[in-house]
Structure formats: C-alpha cells, structure tokens
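Colleague: I would like a close look at one part of this model, the ligand site. Please walk me through it.

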Amino acid sequence: MAVMRVNGRFTRTIWPVVDGCAVDIIDQTALPHEYRVLRLASLEDAVRAICSMQVRGAPLIGVTAAYGLALALASQADDPALHAAIETLVATRPTAVNLRWALARLQARLAPLPPVARAEAAWQEAGRLADEDVEQCRRMGDNGLQLLRLLPAAQHGRLAMMTHCNAGWLATVDYGTALAPIYAAFAAGIDVHVWVSETRPRNQGLLTAWELSEEGVPHTVIADNAAGLLLTRGEVDAVIVGADCVAANGDIVNKVGTWLKALAARAAGVPFYVVAPRSTIDFDCPTGAAIAIEERDADELRLVQGCDSAGRPGLLRQLAVAERVANPAFDMTPAALISALITERGACAASGAGLLSLYPEERHG
Ligand code: MRU
C-alpha cells in the first residue's frame, strides 16, 4: 500500500506490472511539468533509467537495480550472466551506496541457487527490498518527528524547515527520507513550512516542490545561494537532508551544496539533521573522504531543461559547448556539522559510537 499521492491517487515510485517481466516507474526527468509512467522490461531499460536519472535518489536507485537484475536473469541466469549484470548495474552511479548494498544482497541470495531458480528469486527479493524501503522510510518519519517535536518552534505548533535536493518519496519507494519527518509533522497537525533549495544543476528541488504540492505541504522554492541568508535571519528552525552514503564515523555524502548548508546552519546555530536508512550506511567505509564522488556530464550545467511559455518542454542552452565545466554531483559533510543522524532504528549522534549504538551487530572485534 502506498501512502503518497499523485493527483490524489496513492502510488509508489516503482511497481511490478507483469510478474517477472516488467516494472513501471515514474519518469522523473519529465517532472515537474509532466507526470509520465515508463515501463522497464530489460536490464538495458533499468541501466538507462538509473544513468539518465529517470529514477534517482539513493534508496530508489537500489531498488531499481534489484529489479534490473531480476529482469536480466529472466533471459539468462548462469554464473557469468549473473556477474556481468551485477557489474553493469554497479557501474551506473558510483556514490549511492544503496546500489551496491542491494546488489550485494541479491548476489548473496542468488549465487547458491541453480540458474533456473534465480530469476524468480531475484524478482521476489527485489519486491522485499521495495517493501522494506517503504517500512524503513515510515519509521524514519516517526523517529524524525520525535526529534522535531523537541524544537522550541514545534512546541508552539509550527516549524520552518529547510531541505536540499529531493529526499522525498520520489527518491525512495514511498514516504522519503528527509521529507518523511516533514510529512509526519504535517500529518500530526504541526504548521510546517519548507524552504526548498533549487539544487543546481539538475534542480531536484523542483521535484521536492512538486511532491510537497501534491501532499499540500506549504513550501517556498529558493535559489541555493539564498539559504545562508534565511538561516542567519532566523527564518529556519532546522535543516533536514538525506544522504547517498553515511561513513562509519558519521560523515555523510549528499547532493552537492549540502555541505554549504551545514556550514551555514552551524554558523547560525540551527540544527542540521541527516535522515538515512541502514541501506545507506557503509560500515566498511571509514570516513567521508573515502566515498567516491560522481562526476556527471558537463551538459547538466550547459543546458537547462524546462518548458517554454506555451508549455512545450525543451532544453535551453545557457553555456557555449566550448565552455569548460566541472560537475561534481555530491559533496561531503563532516560528522562534526551534523546534529543527529535519523535512521529507521532511531536517532543517534553522527559518530562511530552513535551508529554502533543503533546497529550493535556491526561491532566487530
Ligand atoms: O543525484 P540524485 O538526484 O540521485 O541525488 C539524490 C540525493 O542526493 C538525495 O539527497 C539522496 O539520495 C538521499 S535521498 C533519499
């Protein structure tokens, strides 16, 4: 059962349509102008969807990769085919640890099985991953709400939140990570307003604004560079973001620009929360410095996507082809700038000890 709505209809971001043969997704490259559903029926479809960011957001990338593997195994499922499909999927996006986490889980489940049983088992496991993601996000919403309720503004029944990128239900299977506590606060009757950072260059903030509109949550879109001013003016009670990877020491990597918000929040004395499920935590990664930062196509800066005044979608060139561009898609926020990590198991300090207090089974030696 989905809880998030599009045009009032409950939906998830990915759902099986033909058992073992196809899943449907929401094409996020068409939003916020058009709601378009796309069918993925092969490994190639899944790879294209992840690389082109028709699906995006760490948890959703992981679930899509799992279904992609199931689709690949439907045509060939011997050992070489299994390994080749996993390698192809792992290479699609390097930063979101959920992708490797999901594929490692499927590999462990499938490798001992005879090839003939793998496709069906992969399909079932991908479905379980999707359901678990929904449940984890629901819990993160509840756990985050408990923390938000402690803020002085919330005690007066209102909350001014700021977020970056899209860490809502579009980035997961349902509920979202950073937006889950916001939805929970809104549902609990708190008067919430969200400052939505545009998030150049791909403008995932516009996805956040679209999502919040569908749910009726009051919000205002700002240019990324306006965040510091709003924070120092006292117009933000808390900043809340997701993560693509949480290192074992509590450092995080998230959409580029996250670190600047954390710095500004610290300077303004505003709490900075990171919401991420277990699938985003890499206990084998010692610090944020070890996390790979994805470099994306320079055209994401040279071209802007939107609609013309007649509502026709298209691309607009804002930089000459010859202009040199660097496009790192993520940055690292050190644990010291993070007020708390919120997971499906509760909130903790952003530190090795904090994470291990929630996940004692990861304590080795
Ligand atoms: O490049 P994207 O759009 O996939 O990046 C998404 C983010 O950075 C999100 O904040 C992150 O995945 C956490 S989301 C649930």
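How far is an oxygen atom of the ligand from a polar backbone atom of A58? Please go on from there to the rest of the site.

Modeller: Keep in mind that this is a predicted model. The distance you ask for is 2.9 Å, from a ligand oxygen to a polar backbone atom of A58. Side chains make contacts too. An N or O atom in the side chain of N254 is 2.7 Å from an oxygen atom of the ligand. For K255, the distance from a side-chain N or O atom to a ligand oxygen is also 2.7 Å. Now the burial. The ligand exposes 410 Å² when taken alone. The protein buries 100% of that area. The space that the ligand takes is the largest cavity.

Next, the elements around the ligand. Those that give two or more residues to the shell are α2 (58-75) and β11 (252-255). The shell has 19 residues in total. The closest of these are R56, R93, Q204, N254 and K255. By class, eight shell residues are nonpolar, seven are polar and four are charged.

A few backbone details deserve a check while the model is open. L31 and P32 are joined by a cis peptide bond, with omega at about 5 degrees. P32 sits in the loop between β4 (22-26) and β5 (37-40). Another cis peptide bond joins R200 and P201, and here omega is about 5 degrees. The loop that holds P201 runs between β7 (191-197) and α8 (205-215). N7 has a positive phi, near 50 degrees, and is not a glycine. This residue is in the loop between β1 (5-6) and β2 (9-10).

Back to the site, in brief.

Note on methods: Residues numbered from 1 in each chain as written. Predicted model: local features only at pLDDT ≥ 70, side-chain atom pairs only at ≥ 80, totals over all residues. Heavy atoms only, no water. Near = heavy atom within 4 Å. Polar contact = N/O pair within 3.5 Å; in protein donor to acceptor, adjacent residues only side chain to side chain. Areas by Shrake-Rupley, 256 points an atom, 1.4 Å probe, with all protein chains shown as cover. 1 Å grid on protein atoms, 1.4 Å probe; cavity = no way out; pocket = protein on both sides within 12 Å on 5 of 7 lines; lining within 4 Å. Sits in = over half its atoms within 2 Å of the grid points. Helix = DSSP H or I, 4+ residues; strand = E, 2+ residues; numbered from the N terminus. Nonpolar A, V, L, I, M, F, W, Y, C, P; charged D, E, K, R; others polar.
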